[in-house]
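Here's a short tour for anyone meeting this structure for the first time. Have a look at it, then read on.

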Amino acid sequence: MTADPAETNPELYRVVLENDRVRVLEYRDRPGDRTAPHWHPDTVMVTLSSFSRRISAGGREVRVDLSAGEARWVAAQEHAGENVGDTPTHAFFVELKEPGRANVPGAALGPGES
């Protein structure tokens, strides 16, 4: 599956930054909202709110309860999700596109524009 979450659920996912190395998605939903099946590459998820959701794929389901301010590794996967809690979800997904490059001569120090 290669379904892009920003295309399957544009009302929930928004691309906030993209370059040749990463894509950053902002995700917001409300209790009871569901996502269509979609795929993420290797990703770092940063939670801005506490939430509870059910993630399902291939006949399996898991419940995920996270607090605000957590950073979690999410291995590449396809899944669908549902907000099963009583609070909205707000999170960022930093999707990795390629392996890192070490010590690039002339590279800028500190954060850049994109």
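Is arginine 63 buried or exposed? Arginine 63 is exposed, with 55% relative accessible area (buried is under 20%, exposed over 50%, partly exposed in between, using a 1.4 Å probe and protein chains only).

## About the model

This is a predicted model, where local features need pLDDT of at least 70, side-chain atom pairs count only at pLDDT 80 or more, and totals for chains, interfaces and linings use all residues. Residues are numbered from 1 along each chain as its sequence is written, and side-chain values use heavy atoms, leaving out hydrogens and water.

## Salt bridges

The count here is ten salt bridges (a side-chain nitrogen of Lys or Arg within 4 Å of a carboxyl oxygen of Asp or Glu). One of them pairs arginine 63 with aspartate 65, at 3.2 Å from N to O; aspartate 65 is partly exposed at 48%.

Glutamate 26 and arginine 14 make another, their closest N and O atoms 2.6 Å apart. That pair links distant parts of the chain, with glutamate 26 in strand β2 and arginine 14 in strand β1, twelve residues apart (strands are DSSP runs of E, at least two residues, numbered from the N terminus). Glutamate 26 is buried at 9%, while arginine 14 is partly exposed at 48%.

## The nonpolar core

Eleven residues form the largest nonpolar core, including Leu25, Tyr27, Val74 and Phe93 (buried Ala, Val, Leu, Ile, Met, Phe, Trp, Tyr and Cys residues joined through side-chain atoms within 4.5 Å). Strands β2 and β9 each give two or more residues to this core.

How values were computed: Helix = DSSP H or I, 4+ residues; strand = E, 2+ residues; numbered from the N terminus.
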